[in-house]
Amino acid sequence: MPAAPQVRILKEVDEGVGADALNTLARGAVSGAASCMEQREVLSSAMGNDAPLAALQEPEALGRALRAAAAAGLMAPLKALLGRSAEVAVDAKGNGGWTALTNAADGGHVAAIAALLAAGAEVDAKDNNGRTALMAATQGGHSAAIEALLEAGAEVEAKDDKGRTALEIAELCK
């Protein structure tokens, strides 16, 4: 049986945000952190040192940095990169065809989703498997991200390469 402090903490989580919401948030944070580990420029910017990020010039490197910042929900580097729209495409695709919006949705990062959409990100961009940001958000169980994407006009009936909609993916992930 857990110790008294652990029981208290679990009870507070369950009565507050709920264990499922906390688990969803944790999964998004872990996924984003993993995406960011190789992007030292993004991490430096998140910690207040913008010089390495500002020094990036190659379009592919800028795209990787944008996707990493979105995946981790790191708003300072994300905004800095979005401010360089002539140099980095908001819908630049990485391995698997994921865009920064897909990465943000996968992590449940609503502020990043809003910033990317405001910068002109295509809400229904598809990856190499025909999946959209809405599908990534539903798979992760990120209700606030789902709501933000739906408000932006995400296509509910869009199908991936296996013929599944976001709703069907949500059912599979229960």
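Reader: What volume does the largest pocket have?

Author: On a 1 Å grid over the protein atoms alone, a pocket is an open set of points with protein on both sides within 12 Å along at least five of seven lines; here the largest pocket has a volume of about 240 Å³, taken as the space filled by probe spheres set on the points. The model is predicted, so local features need pLDDT of at least 70 and side-chain atom pairs 80 or more, while totals for chains, interfaces and linings use all residues. Residues are numbered from 1 along each chain, and side-chain values use heavy atoms, without hydrogens or water.

Reader: Which residues lie nearest the centre of the largest pocket?

Author: Lining residues have an atom within 4 Å of a point; of the 13 here, Ser35, Arg64, Arg67, Ala68 and Asn103 lie nearest the centre. Helices are DSSP runs (H or I, at least four residues) numbered from the N terminus, and α2 (19-36), α5 (59-72) and α7 (100-107) each supply at least two lining residues, with the largest share, 4 residues, coming from α5.

Reader: At what angle do α7 and α9 pack?

Author: Angles run from 0 to 180 degrees between N-to-C directions of axes fitted to C-alpha atoms over the stretch in contact. For α7 and α9 (133-140) the angle is about 15°, with the axes 7 Å apart, and the two helices are therefore roughly parallel (under 35 degrees). Their contact (heavy atoms within 4.5 Å) is made by Leu101, Thr102, Ala105 and Asp106 of α7 and Ala133, Ala136 and Ala137 of α9.

Key: 1 Å grid on protein atoms, 1.4 Å probe; cavity = no way out; pocket = protein on both sides within 12 Å on 5 of 7 lines; lining within 4 Å. Parallel < 35°, antiparallel > 145°, perpendicular 65-115°, else oblique.
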